[in-house]
Amino acid sequence: MTNAEEIAHGVLAGDRRSIAKAITIIENNTVEAKKLIASIYPQTGKAHIIGLTGPSGSGKSTLIEKIVREYRRKGKTVGVIAVDPTSPFTGGAFLGDRIRMQELSTDEGVFIRSMATRHYPGGIAKATKDAVKILDAAGKDVIIVETVGAGQSEVEIIKVSQTTVVIHAPGLGDEIQAIKAGIMEIADIFAVNKADRENADKAVMDIQAILQLNNKEAAWKPPILKTMALSGEGVPKLIEKIEEHKRFLEKELGQKRILGKAETELIEAIKEKVTSSIIDELKRGGKYNELLKKIIDREIDPNTAADKVVREKFKKAE
Ligand SMILES: Nc1nc2c(ncn2[C@@H]2O[C@H](COP(=O)(O)OP(=O)(O)O)[C@@H](O)[C@H]2O)c(=O)[nH]1
Ligand SMILES: [Mg+2]
C-alpha cells in the first residue's frame with residue numbers, strides 16, 4: 001500500500017491519527033491530497049455539516065463545546081474544524097476554556113482540529129472543504145465548522161455547511177453591521193449568545209428588524225434563539241432547531257440541493273484545474289513575467305491578456 005492508501009484506509013476505519021495525518025496532507029493541496037480525496041470520496045455525504053459563524057468574542061467556541069457535549073449525550077460522533085486563530089482550540093483563549101476543550105479531545109467520539117494559522121495553497125475554503133470530507137468519510141455523524149464572520153472568505157468557507165448558525169452577542173458594538181453584510185443571507189438559524197446579559201433582547205430585536213427588511217417568501221424562516229454558552233442553557237433547543245432544519249433540507253430541497261452542490265464542486269474543480277494548468281504553462285515558458293510587465297506598463301489590459309492566453313491554450317488542445 002502507498003502512504004496515501006494506508007492513510008485513506010485508516011480514515012475510513014475512523015482512526016484518529018490517520019484523520020490527523022489526512023488533514024495535514026489535504027492542507028498542502030498536493031497530488032497526494034487529490035488521490036486521498038478521490039479514494040475516500042465514495043464514503044462521504046453522510047454527515048450533517050453545521051457552520052457556525054459570527055463576530056469574534058460572541059462565544060462560538062464556548063457554544064461549540066456545549067453543542068458537542070449535547071450531541072455526544074445523544075450518542076452521535078462529532079468532528080470540529082475551527083477556522084479561527086483566536087479559538088481555544090488553537091490556544092488563543094483563556095486557560096479555563098482551553099482545559100475544557102482538551103477534555104473533549106480525549107473523547108474517542110470527538111475529533112477537533114483548528115486551521116487558519118497559516119497560508120494554504122489552494123485557499124482556506126478549499127482546505128476546509130477537504131477537511132470536512134475527511135471527517136465525513138471517517139464516519140462522524142455531525143461536523144461543525146467554526147469561522148469568524150467577517151469577510152468574503154468566511155462566507156466562502158461557511159458555504160460548505162448544510163445548516164448555518166449565525167451567532168451574535170450583546171455588547172459587541174457595531175458588529176451587527178458585519179452580520180448585515182452577506183452573512184445574514186446565509187443564516188438558517190440565529191443564536192443570540194450571552195443571553196445572561198441585560199441587552200440580549202435588544203440584539204434579538206435588531207436581528208428581527210433586519211430579517212423583516214429582507215421579506216422574501218421563504219419555505220424556511222430562520223428562528224432567533226437565545227443561548228448562554230457558559231451554562232449551556234438554550235443549547236438543547238438550538239440542537240432541536242438544527243435537527244429540524246436538517247429534516248427540512250431532506251424533505252424540501254433534497255435532490256435539488258444535492259445537485260446544486262455537486263455542480264458548484266465540479267465548476268470549482270474545473271476552474272482550479274484550468275487556472276493552474278494555464279499559469280504553470282506560462283511560467284514554464286517564461287511568458288508569465290513578460291505578461292505581468294506588459295500589464296504594468298499598460299501595453300495590455302488584464303482582460304485582453306487573459307483572453308489571449310485562454311484562446312491560445314484551447315487552440316493548442318484542439
Ligand atoms: N457572559 C457570558 N460570557 C460568555 C458566554 N459564552 C461565552 N462567553 C465568554 O465570551 C468569551 C469569548 O468566547 P469564545 O467562545 O472564545 O468566543 P468566539 O471568539 O466567538 O469563539 C469567553 O471569555 C467566554 O467565556 C455567555 O453565554 N455568557
Ligand atoms: Mg472561537
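Q: Two strands pair if DSSP finds at least two bridges between them; which residue of strand 6 is the bridge partner of Val165?
A: Ile189 is the partner of Val165, and Val192 is that of His168. This is a predicted model, in which local features need pLDDT of at least 70, side-chain atom pairs count only at pLDDT 80 or more, and totals for chains, interfaces and linings use all residues. Residues are numbered from 1 along each chain as its sequence is written, while chains are lettered from A and ligands numbered from 1 in the order in which they are written.

Q: What makes strands 5 and 6 a pair?
A: Strand 5 (residues 163–168) and strand 6 are joined by four bridges in the parallel sense. The definition asks for at least two, so they pair. Strands here are DSSP runs of E with at least two residues, and helices are runs of H or I with at least four, both numbered from the N terminus.

Q: What joins strand 6 to strand 7?
A: Three bridges join them, and the two strands run parallel. Val192 stands opposite Lys226 of strand 7.

Q: Why are strand 3 and strand 7 called edge strands?
A: The open sheet of seven strands has the order 3-2-4-1-5-6-7, with parallel pairing. Strand 3 (110–115) and strand 7 each pair on one side only.

Q: Which residues show that both faces of strand 6 are covered?
A: Ile189 and Ala191 on one side, and Phe190 and Val192 on the other, are all buried. A residue is buried if 20 or more other C-beta atoms lie within 10 Å of its own, exposed if 12 or fewer, and partly exposed in between, with C-beta atoms placed from the backbone.

Q: What makes a set of residues a nonpolar core, and how many residues has the largest one?
A: Such a core joins buried Ala, Val, Leu, Ile, Met, Phe, Trp, Tyr and Cys residues through C-beta atoms within 7 Å. The largest has 64 residues, and those with the most contacts inside it include Leu36 and Val145. Helix 6 (residues 124–137) supplies the largest share, seven residues.
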